[in-house]
Amino acid sequence: MGNKLITKVFNDPIHGSIELHPLLIKIIDTPQFQRLRFIKQFGGVYFVYPGASHNRFEHSIGVGYLAGKLAEALRSRQPDLSITDRDVLCVQIAGLCHDLGHGPFSHLYDGLFLPKALEKKRKLKKWKHERGSRLMLDHLVKENNLKPMMKYGLKPEEDITFIKEMIAGPLQESKEQELQFKGRPKENSFLYEIVSNKKNGVDVYKFDYLARSGFNEVL
């Protein structure tokens with residue numbers, strides 16, 4: 001079968017042996033994701049502190065892994081939440097792809113190197129890499145024809161929206177105080193707090209960030 005999905009195991013210095021869903025492997029193997037190997041987590045800090053050498057590639061894999069583990073832990077401990085396999089896979093993909101929008105030198109790129117013309121074209125008051133991640137995910141899926149493969153466990157038309165909302169918030173701006181999400185109903189809104197917690201900032205992104213930075217003696 002031409003589109004057969006294969007599971008692989010990564011040996012991560014922080015989390016040990018990581019086995020990822022075959023769809024995540026397909027995403028990792030794309031050129032758009034592989035470019036994260038060459039983007040340092042701390043941008044130009046590496047030139048001052050050589051220990052700050054880890055990159056967005058390994059960090060993203062770690063976040064995707066932790067996102068899945070947290071979703072699975074919630075499902076096993078609180079079955080009344082009705083978390084599905086689709087939910088877990090979407091959360092994993094959101095964690096894996098949350099940093100796709102980073103450019104050279106990470107956050108330094110957002111403020112100094114991003115062309116002002118792009119900001120004007122997109123009509124953005126301020127560019128944020130989360131928006132870039134959402135756009136890059138769309139590009140990645142289209143350029144690598146991943147939608148047919150995403151049917152192995154997902155409903156692409158619904159779940160891609162959910163994944164992008166977990167990365168960058170609601171796709172449509174709302175003047176209401178409560179965020180308006182389309183990917184999942186209100187009773188499942190807790191899923192949006194796993195990768196990027198807008199309420200208190202405690203999420204799997206921070207877990208991997210702190211553990212990986214401490215391992216590399218950056219903190």
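**Before selecting anything**

The model is predicted: local features need pLDDT of at least 70, side-chain atom pairs count only at pLDDT 80 or more, and totals for chains, interfaces and linings use all residues. Residues are numbered from 1 along each chain as its sequence is written, and side-chain values use heavy atoms, with hydrogens and water left out.

**Stop 1: the whole chain**

Show the protein chain as a cartoon. It has 10 helices and 2 strands; helices (H or I, at least four residues) and strands (E, at least two) are DSSP runs, numbered from the N terminus. Along the sequence the pattern reads β-β-α-α-α-α-α-α-α-α-α-α.

Of the 219 residues in the protein chain, 45% are buried. Buried means under 20% relative accessible area, exposed means over 50%, and partly exposed lies in between (1.4 Å probe, protein chains only). A contact means heavy atoms within 4.5 Å. Among contacts in the protein chain between residues at least 6 apart in sequence, 63% join residues at least 24 apart.

**Stop 2: the two strands**

Select residues 8-12, which are strand E1, and residues 16-20, which are strand E2. The two run antiparallel and are joined by 5 bridges; two strands pair if DSSP finds at least two bridges between them. A hairpin of 3 residues leads from E1 to E2. Pick valine 9 and look across: which residue in E2 stands opposite valine 9? The residue is glutamate 19.

**Stop 3**

The structure has 4 aromatic pairs. Rings of Phe, Tyr and Trp (its six-membered ring) pair if their centres lie within 6.5 Å; planes under 30 degrees apart count as stacked, over 60 as edge-to-face and the rest as tilted.

Select phenylalanine 33 and phenylalanine 57, an edge-to-face pair with 5.5 Å centre to centre and 65° between the planes. Phenylalanine 33 lies in helix H2 (residues 31-34) and phenylalanine 57 in helix H3 (residues 56-77), so the pair ties together parts that are 24 residues apart in sequence. Phenylalanine 33 is buried at a relative accessible area of 0%, and phenylalanine 57 is buried at 7%.

**Stop 3: an aromatic cluster**

Select Phe162, Phe181 and Tyr192, which form one aromatic cluster. Phenylalanine 162 and tyrosine 192 form an edge-to-face pair, 5.3 Å centre to centre with 85° between the planes. Phenylalanine 162 is in helix H9 (residues 156-168) and tyrosine 192 is in the loop between H9 and helix H10 (204-215), 30 residues apart.

**Stop 4: the largest nonpolar core**

A nonpolar core is a set of buried Ala, Val, Leu, Ile, Met, Phe, Trp, Tyr and Cys residues joined through side-chain atoms within 4.5 Å. Which members of the 45-residue largest core touch the most other members? They are Phe33, already visited, and Ile93. At least two residues of this core come from each of E2, helix H1 (22-28), H3, H4, helix H7 (129-143), helix H8 (147-150) and H9. H4 gives the largest share, 8 residues.

Select isoleucine 93. Not counting residues up to four places away in sequence, isoleucine 93 touches Leu23, Leu24, Ile27, Leu154 and Ile163.

**Stop 5: aspartate 99**

Go to the loop between helix H4 (85-97) and helix H5 (107-113), where aspartate 99 is placed. Is aspartate 99 buried or exposed? Aspartate 99 is buried, with a relative accessible area of 0%. Leaving aside neighbours within four places in sequence, aspartate 99 is in contact with Leu36, Arg56, His59, Ser60, His129, Ser133 and Tyr205.

**Stop 7**

Select cysteine 90 and cysteine 97. Cysteine 90 is buried at 0% relative accessibility, and cysteine 97 is also buried at 0%. The whole structure holds 0 disulfides, a disulfide being a pair of cysteine sulfur atoms within 2.5 Å.

Finish in two loops. Serine 82, in the loop between H3 and H4, has a positive phi of about 55° although it is not a glycine. Asparagine 145, in the loop between H7 and H8, has a positive phi of about 50° and is not a glycine either.
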